[in-house]
Amino acid sequence: MLQRRYCRRTSNREDAEDLAQDIIAAIYESVPSLRCDDAFYVFMWSVAGNVYKGWYRKKSKNRECELTDNLLDATESQSEDNSEVYLL
């Protein structure tokens with residue numbers, strides 16, 4: 001059960017831990033701008049939401065793709081006319 005909680009918004013535990021650390025650091029840095037101590041709970045969640053949005057945007061830009069054996073076999077059988085594909 002606890003492990004599934006990590007994967008709600010992140011793909012693995014390490015990403016969840018990194019994101020949590022970034023959120024805590026951002027809250028700590030932003031506390032001086034808090035106007036009313038009674039609104040800390042709302043303030044904390046808005047900072048957490050903003051950090052998550054930035055993390056998600058950065059993560060979605062850096063998507064990784066794995067080459068499959070089928071693609072590698074297809075490129076090996078290509079002729080020299082398709083040298084760009086072969087170099088890939």
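Contact here means heavy atoms within 4.5 Å. The structure is a predicted model, in which local features need pLDDT of at least 70, side-chain atom pairs count only at pLDDT 80 or more, and totals for chains, interfaces and linings use all residues. Residues are numbered from 1 along each chain as its sequence is written, and side-chain values use heavy atoms, with hydrogens and water left out.

The protein contains five helices and zero strands, where helices (H or I, at least four residues) and strands (E, at least two) are DSSP runs numbered from the N terminus. The order of the elements from the N terminus is accordingly written α-α-α-α-α. Of the 88 residues, 17% count as buried; buried denotes under 20% relative accessible area, exposed over 50%, and partly exposed in between, with a 1.4 Å probe and protein chains only. The protein exposes about 8100 Å², of which carbon and sulfur atoms supply 51%, as computed by the Shrake-Rupley method with a 1.4 Å probe, only the protein chains shown counting as cover for residues. Among contacts with a separation of 6 or more, 41% come from residues 24 or more positions apart.

Helix H2 (13-30) has 18 residues and reaches 26 Å from its first C-alpha to its last, close to the 26 Å expected at 1.5 Å a residue. The expected span is 1.5 Å times one less than the number of residues. The buried residues of H2 are Asp15, Ala16, Leu19, Ile23, Ala26 and Ile27. These residues lie on the same side of H2 because they cover an arc of only 105° around the axis, the arc being that of the directions from the helix axis to the C-beta atoms. An α-helix has 3.6 residues a turn, so residues three or four places apart point the same way. On the other side of H2, the residues Gln21, Ile24, Tyr28 and Glu29 are exposed.

Leaving aside neighbours within four places in sequence, Ile27 is in contact with Phe40, Met44 and Val47.

Polar residues were also examined. Asp15, in helix H2, counts as buried at 14% relative accessibility. Its side chain is joined to that of Lys59 by a polar contact of 2.9 Å. Such a contact is a pair of N or O atoms within 3.5 Å; within protein, one must be able to donate a hydrogen and the other to accept it, and residues adjacent in sequence count only if both atoms are side-chain atoms. Thr10, in the loop between helix H1 (2-6) and H2, is buried, with a relative accessible area of 7%. The Thr10 side chain reaches the backbone oxygen of Asn12 at 3.2 Å.
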